[in-house]
Amino acid sequence: MKKYSWEEFARLMGVEPQVLENKEARLLKKFVDEVTWPTHCNYCQGLDLSNPNPVHHPSYELTPACNHDCIFCYSNVAVKLGKAPKPGYYGWDNPKAITVSQYGEPLLSPRIVEVNKMLRKRFPDARLDLQTNGSLLTRELWEKLDFDVVMISLDAATREKHKMITNADTFDAVVNALKIVGEDKSVVSAVRTIFMPGINDEDIPKIAELAASLGIDEMFLQPLTIHELNVERLRKAGLDFERAESIREFLKAAMEAKKYIDVRIGGCLLVQLKQMDPLTLFSVRRVAREVVPLVKRSKLEL
Ligand code: SF4
């Protein structure tokens with residue numbers, strides 16, 4: 001008996017087989033192959049796929065307080081749930097990198113300069129990363145600080161939308177901070193942006209263009225994590241929850257931004273995406289919901 005190929009058999013049954021050419025999937029794959037993670041992610045355990053329980057870099061927490069009240073913020077959620085870390089160092093001896101800070105706005109603390117100096121002295125070989133909303137960064141303060149990587153959050157390209165997202169009228173101050181840091185070529189500078197489809201799609205390329213024009217080195221684009229306590233605020237702001245879970249939508253936003261700036265994707269997500277084939281990248285979804293944001297490292301007295 002003749003053995004038919006599946007194509008021949010399909011034709012016999014009246015179905016014309018077509019090999020689907022998914023051009024977009026191939027473009028996503030090419031982009032993922034080429035893109036790398038932000039400088040901030042170097043040395044993070046999240047890059048190691050063989051580690052079943054990776055934790056973030058060590059961090060020094062200065063304050064859980066913040067002068068912004070962002071609609072997506074995990075730090076706010078942690079404060080409301082009484083889970084925000086107390087000030088101090090969360091990590092181990094001989095760290096390769098320390099983030100100041102993971103929670104709250106570190107520049108609100110009057111101890112920022114003193115803690116910055118203490119960390120340099122105590123851990124001379126560690127990379128020091130500042131993570132800030134930028135609104136309190138002045139030239140005068142910048143002269144006193146000493147970091148290797150500076151990440152400034154910006155999620156909107158206009159004053160009005162920035163106010164809607166952060167509940168603070170600080171757009172000009174944040175842009176000024178990007179300018180101060182972008183001009184200083186002794187540090188690696190990054191604009192840190194959360195992709196919130198339905199809210200800031202059209203802002204992403206504009207933020208990328210603005211940041212690049214101010215001398216910022218990288219855009220650290222992140223997908224949104226939706227904390228239960230923020231759901232209502234995000235809904236009111238117009239979040240498209242469906243698209244917020246789509247890797248394809250996230251990668252499309254990153255590809256747009258890449259036209260203007262060196263866009264980067266968080267290492268712990270990127271190492272997984274790099275394992276995927278084009279069609280998986282095209283269709284895979286991520287779990288965007290999380291309940292309580294916790295520090296998974298122990299406090300160490302310095
Ligand atoms: S984004 Fe992921 S890999 Fe990068 S520093 Fe954070 S936890 Fe680590």
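The legends below describe close-up views of a predicted model.

**View 1. Overall chain, given as context for the close-ups.** In this predicted model, the chain is built from 13 helices and 11 strands, and its C-alpha trace spans about 85 × 45 × 40 Å along the principal axes. Of the 302 residues of the chain, 40% count as buried. Among the contacts with a separation of 6 or more, 82% are accounted for by residues 24 or more positions apart.

**View 2. The residues around the ligand.** The shell comprises His 40, Cys 41, Cys 44, Gly 46, Leu 47, His 56 and His 57, together with Gly 266, Gly 267 and Cys 268. Sorted by class, this shell around the ligand holds four nonpolar and six polar residues, and no charged residue is found in it.

**View 3. The crossing of helices H2 and H11.** Helix H2, which covers residues 23-34, and helix H11, which covers residues 247-257, have axes that come within 10 Å and cross at roughly 65°, and the crossing in which H2 passes H11 is left-handed. On the H2 side the contact involves Leu 28, Phe 31 and Val 32, which meet Arg 248, Leu 251 and Met 255 on the H11 side. The residues of this contact of H2 with H11 divide into five nonpolar and one charged, with no polar residue.

**View 4. The packing of helices H8 and H11.** Helix H8 (residues 203-213) packs with H11 at an angle of about 35°, the two axes lying 8 Å apart, and H8 passes H11 in a right-handed crossing. Ile 204, Pro 205 and Ala 208 of H8 make the contact with Ala 253, Glu 256 and Ala 257 of H11. By class, the contact of H8 with H11 again has a charged residue, one in number, beside five nonpolar and no polar residues.

**View 5. The largest nonpolar core and the place of Ala 257 in it.** The largest nonpolar core has 74 residues, of which Ile 152, Val 191, Met 219, Leu 221 and Ala 257 touch the most other members. H11 gives the most to this core, contributing six residues. When residues up to four places away in sequence are not counted, Ala 257 touches Ile 204, Pro 205, Ala 208, Met 219, Leu 221 and Val 263; among these, Ile 204, Pro 205 and Ala 208 are also the H8 residues of the contact with H11, while Met 219 and Leu 221 are themselves listed with Ala 257 among the core residues that touch the most other members.

**View 6. The cis peptide bond at Ser 101.** The peptide bond that runs from Val 100 to Ser 101 is cis, with omega near -5°. Ser 101 is found in the loop between strand S3 (97-100) and helix H4 (112-122).

View 7. Tyr 43, a residue other than glycine, has a positive phi, with a value near 80°, and is found in the loop between H2 and strand S1 (59-61). Tyr 43 counts as partly exposed because it has 14 C-beta neighbours inside 10 Å, a number that lies between the limits of 12 or fewer for exposed and 20 or more for buried residues. Asn 167 likewise is not a glycine and has a positive phi, of about 60°, its place being in the loop between helix H6 (159-166) and helix H7 (171-183). With 15 C-beta neighbours inside 10 Å, Asn 167 therefore also counts as partly exposed.

How values were computed
Residues are numbered from 1 along each chain as its sequence is written. This is a predicted model: local features need pLDDT of at least 70, side-chain atom pairs count only at pLDDT 80 or more; totals for chains, interfaces and linings use all residues. A residue is near a molecule or strand if its C-beta atom, placed from the backbone, lies within 6 Å of it. Ala, Val, Leu, Ile, Met, Phe, Trp, Tyr, Cys and Pro count as nonpolar, Asp, Glu, Lys and Arg as charged, and the others, Gly among them, as polar. Axes are lines fitted to C-alpha atoms, for helices over the stretch in contact, and angles run from 0 to 180 degrees between N-to-C directions. Helices (H or I, at least four residues) and strands (E, at least two) are DSSP runs, numbered from the N terminus. A crossing is left-handed if the near helix is turned anticlockwise from the far one by less than a right angle, and right-handed if clockwise. Two residues are in contact if their C-beta atoms, placed from the backbone, lie within 7 Å. A nonpolar core is a set of buried Ala, Val, Leu, Ile, Met, Phe, Trp, Tyr and Cys residues joined through C-beta atoms within 7 Å.
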